[in-house]
Structures are given as C-alpha cells and as structure tokens.
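Here is a short report for a first look at this structure. Keep the sequence and the 3D view open as you read.

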Amino acid sequence: MRKTRVLLLEAIHPGAKEMLEREGLMVELHPHSPSGAELDELLSKANIVGIRSKTQLTASVLEKHRHLEMIGCFCIGTDQVDTKKANSIGIPVFNAPHSNTRSVAELVIAEIVALSRQLGDRNSNAHKGVWMKSADGAREVRGKTLGLIGYGHIGSQVSVLAEAFGMRVIFSDIIKKLPLGNSQRADSLDELLKVSDFVSLHVPDTAQTRGLISKREIKIMKRGASLINASRGSVVDIEALAEAIKVGDLAGAAIDVFPEEPASNKQKFESPLQGLPNVILTPHIGGSTIEAQEAIGLEVAQSFLSFLARGTTSGAVNFPQIDLALLQTEETRRAERRRVMNVHRNVPGVLGEINSIVSDLGANIQAQGLATDSTIGYLVMDVESVDGVELCKRIQALSTSLRTQLLV
Ligand code: NAI
C-alpha cells in the first residue's frame, strides 16, 4: 500500500492509529478540533481526515482541500461535514453507526431491572440517610413482557439479552424482521402497548416516529408499566409521560434522550420529569462506553483500509455503494491484474468512453462495478495486461472525471 497520510483529530481512540499504522499508513493524531488557518494547514498535508463531532468540514473547507480522498466521522452523526459537497467532488464520508449497539442494549437491560426494583429512588434515599427497606412495588423481571418498538440493531440485541433474563419479548417494526430466540411480532403497536410491562423504544427520528408515544399511546399502556427511551428525544411526549407518572398510571420511566438536550456539559439540563418517583434520567449516554469508542475507531479505520485496498464504499453515507471482491491468485498476479477506481460526473456515455480507453490500450477487463447517484458515478474495475499508470492518466483526462486512482 502506498504511503498515505492520515490526520486524526479530536482524540480519536488510539486503536484506530495502531490499525492504520500496521497497514503502513502515516498517522498524525491530535487531541483538539482545529479550525481556520490551523485546520487548513493540517488538511493540506493529509490524504485522509478523521474527525468526531466538533471539526467543521464545510463546503468552503472541502473546496480548498479537493485533494482529500476520504473523510471519516468517528461517531454516528455526519452533520459537521458538508456531505453533499464531498459527494460532488468525489470524497466518500464514512461513519460508525453501529459500534455502540451493545452499549445501548446493556443500558436498557440495566434500566429494566432498576425500574423493577426502584433502584434510582432507593439509592438516592440511602445516600440521604433514608432507610427504605420494603418489598412494596419491587418485582422480578422474570416472566414479565417486554415490548420493543423498533427491532433493528439495538432492539434485537435487547431482545436476546432480555430473554436470557426470562422475559417474554414482543416487538413492533414497520418492516418485516426475523424474530430472534422466542420473541414474537406483536399484532399491532396498540396491542404491544396494551400487554407490555416494559415498553422500550429503538426507532430512528423520522416524520413517522416523532411523537409516536403521546398521550393516547400512554393511556393504552398497561397500568403500572414502565417506559424506556434511549432512541431519540422526539419520539416521546415528555409532558404526557410526566403526567402519567404523577397520577400513577405508569410505575416508572428511564429516559436517556430528550427533545432538548444541553449542547455541552456546562449547560443546565431541565426536564418536566425531574424529581418524579422511579424516573431514571441519564444524559444521552446510551452509547457512551470505552468499548464503543474503541469499536468506532476500528470500524472507521477498517472503512479507510477497505476503500484504499479495494475501493469499497459500503457504509459511506454520501456515496454510491460498491464492494467488488478482489481475486488475487497466482494467475491474476502473472496477468498483472490492476484495480482502478474512477469517480465521474453522472452523465450518459461515461462508461463507454472508459471502456474504449481500456480497449485502445489493448487491455482486458476482468471485473467491473458501477454505481451511481443523481450527481456522480463510481466505477471500480479490474484490468489485465495494462500499464495502470497510463490507464489512470487517460481516464482522468476525460472531462467528466473527478478523480481516478490505481488501487492495486
Ligand atoms: P436501526 O436502524 O438498526 O433500527 C431501527 C428500527 O426501527 C428499524 O428496524 C426500523 O425499521 C424501525 N422503525 C422505523 N420506524 C419505525 C416505526 N414507526 N415503528 C416501528 N419501527 C420503526 O437503528 P439502531 O441502531 O437500532 O438505533 C435505534 C435508535 O437508537 C436510533 O434512533 C438511534 O439514534 C438511537 N441510538 C441512541 C443512542 C444513545 O446514546 N442513546 C446510541 C445509538 C443509537
């Protein structure tokens, strides 16, 4: 692999640096989030940049640094990058949406037990010197019904862990999902709400999920049930939830995400749920664990390596997706098989022009993958018996080409 320079900002987990260095890349790690002239200076020396949520890669920053080959957001969100601009100049942006799945699932399981035993209140009372030894309202979770709304990565993990505790699991999802273990799809959302002792939300923030659990849905819930939300703050009507706790319709709630969250640890947090009995409030920490940070580092670093080695864009948030298997045998080595990637403006006829160049060079295409979106086309191809450098030069000279690179 050629010497590629990677700039990692915002104290990305050192595991990413180690992984990239093992593959021969040159990695510079910085703890802070530079901006202005400092960011320009650092980016001008890098081929790849990795950031977390603070560094702003705006359209004008990207325009100045069109040489960048890849951007990694070592987090879930990608709002801090102008992903559209990156797409239009041929830079894929990767993130790590599922590295903290297990961390969220474990928190939810802990909360189910904590709510069942009123751990939050008993703990804070004991700290205040109040001895509250009583079995009133304290229950085992074994045999209780857990209703999961959203059975994706996190919901299905919670399902497996909850069954290990002896819970009965039902779920509701807008798409057909394979039930894991003994879990079962509920007939309807209302049916799930009606029979569940615990309802836990694991849906994304969409027009359909905003206010999904409001006054009507809370009214349908079983009396004495508990609600858990570690998905997105927009999904639950917090005022309606607070009211249901106050009048005793619900026995408790564990909420990790809020309609309005402080932008930093220095800002004050306020919620109508504060001070209510058996309500656990956490500051959006569902996915915040050391293990998740490390997994995020490795997930994005792996995306960098797969793109450099094979041109794989699977998982990129702003790019046509290609993952073309790379066959490397004695035979392909003898035939000097080369892999070339090309990003071009998506206009008719580009593939024909590129294939003509290959044919003019007397070479043979062994494999080819093309994917497009409304702006760009992304081509990965394996070609035999060709001068790879010359081939790339000719393809890049096409007026439609944004970037062309010899990968192998
Ligand atoms: P996912 O995309 O794997 O699963 C979401 C599931 O919800 C999908 O199966 C989808 O079909 C389903 N769904 C969408 N709309 C629905 C609806 N109206 N009714 C029922 N099901 C619906 O997502 P993943 O990774 O499981 O994440 C779930 C949520 O957890 C997301 O909102 C994510 O932002 C949040 N999250 C929260 C974290 C925290 O720190 N608290 C950390 C990581 C994720």
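## Overall build

The protein has 14 helices and 16 strands. Both are DSSP runs, numbered from the N terminus: helices are H or I with at least four residues, strands are E with at least two. This is a predicted model, in which local features need pLDDT of at least 70 and side-chain atom pairs count only at pLDDT 80 or more, while totals for chains, interfaces and linings use all residues. Residues are numbered from 1 along each chain as its sequence is written, and side-chain values use heavy atoms, with hydrogens and water left out.

The C-alpha trace spans about 85 × 45 × 35 Å along its principal axes. Of the 408 residues, 48% count as buried. Buried means under 20% relative accessible area, exposed over 50%, and partly exposed in between, with a 1.4 Å probe and protein chains only.

The protein is divided into domain 1 (5-98 + 290-310), domain 2 (101-281) and domain 3 (330-406). These bounds come from an automatic or database domain assignment. The centres of domain 1 and domain 2, taken over C-alpha atoms, are 35 Å apart.

## The nonpolar core

A nonpolar core is a set of buried Ala, Val, Leu, Ile, Met, Phe, Trp, Tyr and Cys residues joined through side-chain atoms within 4.5 Å. The largest one holds 31 residues, and V6, L8, L20, F74, F304 and Y378 touch the most other members. Elements that each supply at least two residues to this core include β1 (5-8), α1 (14-22) and β15 (376-384). Helix α11 gives the most, with 7 residues. Domain 1 and domain 3 both contribute residues, so this core lies between them.

## Around the ligand

The ligand is surrounded by 25 residues, the closest being H153, I154, D173, V203 and D256. Three of them follow.

| Protein atom | Ligand atom | Distance |
|---|---|---|
| D173, polar side-chain atom | oxygen | 2.6 Å |
| G286, polar backbone atom | oxygen | 3.4 Å |
| G287, polar backbone atom | oxygen | 3.0 Å |

Taken alone, the ligand exposes 860 Å², and the protein buries 85% of that. These areas come from the Shrake-Rupley method with a 1.4 Å probe.

## One buried serine

S156 sits in helix α7 (residues 153-164). Its relative accessibility is 15%, so S156 counts as buried. The S156 side chain reaches the backbone oxygen of H153 at 3.3 Å.

How values were computed: A residue is near a molecule or strand if one of its heavy atoms lies within 4 Å of it. A polar contact is a pair of N or O atoms within 3.5 Å; within protein, one must be able to donate a hydrogen and the other to accept it, and residues adjacent in sequence count only if both atoms are side-chain atoms.
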